[in-house]
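The stops below are meant to be selected in order.

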Amino acid sequence: MVLTTLNDREFRSGLAEAVKHGLIADAGHLEWIEASAAQLAERDLGAVTALIRRSIAIKADIVARDEREAGPRELLNAGHTVGHALEHAGGYQLLHGEAVAIGLVAECRIGEALGVTPGGTADRVEALLRALGLPVRTPAGVEVSRSDLLAAMGRDKKNRGGKLRMALPSEVGRGASVDVPANAVRALDL
Ligand SMILES: [Zn+2]
């Protein structure tokens, strides 16, 4: 990635995946992003370089673990079940990372409603994504109906046997793959 050639919107979009890595695999990384949010939002080169290094290491570790025990790789889908569906149902007006940012908050709220994710996680993630300049709700002008969203999720490759499968935080820095009932998605305020 050649950082200097990205416009601000594209740059911020890339930060959503780093938040995801901290949220599902490394609480210390999430705390560091929170502490460094202002520098990251200003594209401070030292902060951005450190962020990318740590995120690459976390992803590599998850992929390596996945080769020994099936499953960890699914955690990389956090924020993406809702995120991919928003991208598609919203007619690709959202950048991938913007959709993932909205998806991360939405999936944390689903996790909290299901008792999988500790209360307060969604608010914490939302505050961080806002500080990084990312959207946390579907922006005005991008219309996504619940039925379009559910239909788009049904197309998702992670869903088997008619159930929606999501990688949800089980605590900050850890995740679990969970079957989610459709009504938990219908109840979302996006
Ligand atoms: Zn992604």
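Predicted model: local features only at pLDDT ≥ 70, side-chain atom pairs only at ≥ 80, totals over all residues.

Residues are numbered from 1 along each chain as its sequence is written, and side-chain values use heavy atoms, with hydrogens and water left out.

**Stop 1: the zinc ion.** Select the zinc ion together with Glu17, His80 and His96. These residues are its protein donors, through OE of Glu17 and NE2 of His80 and His96, at 2.0 to 2.1 Å. Donors are N, O and S atoms within 2.8 Å of the metal (3.2 Å for Na, K and Ca); water is not among the atoms, so sites may look incomplete. The sequence spacing of the donor residues is E-x62-H-x15-H. His80 belongs to helix H5 and His96 to helix H6, so the pair ties together parts 16 residues apart in sequence. Helices (H or I, at least four residues) and strands (E, at least two) are DSSP runs, numbered from the N terminus.

Now colour by accessibility. Buried means under 20% relative accessible area, exposed over 50%, and partly exposed in between (1.4 Å probe, protein chains only). His80, at 7%, is buried, whereas His96, at 31%, is partly exposed.

**Stop 2: helix H5.** Select residues 80-89. Eight of the ten residues of H5 are buried, among them Val82, Leu86 and Glu87. Their cover includes H1 (8-25), H6 (96-114), H8 (146-154) and strand E1 (164-171), judged by contact, that is, heavy atoms within 4.5 Å. After H5 comes Gly91, with a positive phi near 65°.

**Stop 3: H5 against H8.** The two helices pack at about 115°, with axes 8 Å apart. Axes are lines fitted to C-alpha atoms, for helices over the stretch in contact, and angles run from 0 to 180 degrees between N-to-C directions. Select Thr81, Val82, Ala85, Leu86, His88 and Ala89 of H5, which meet Asp148, Leu149, Ala152 and Met153 of H8.

**Stop 4: H1 against H4.** H1 and H4 pack at about 50°, with axes 10 Å apart. On the H1 side, the contact includes Phe11, Leu15 and Ile24, and on the H4 side it includes Val48, Leu51 and Ile62.
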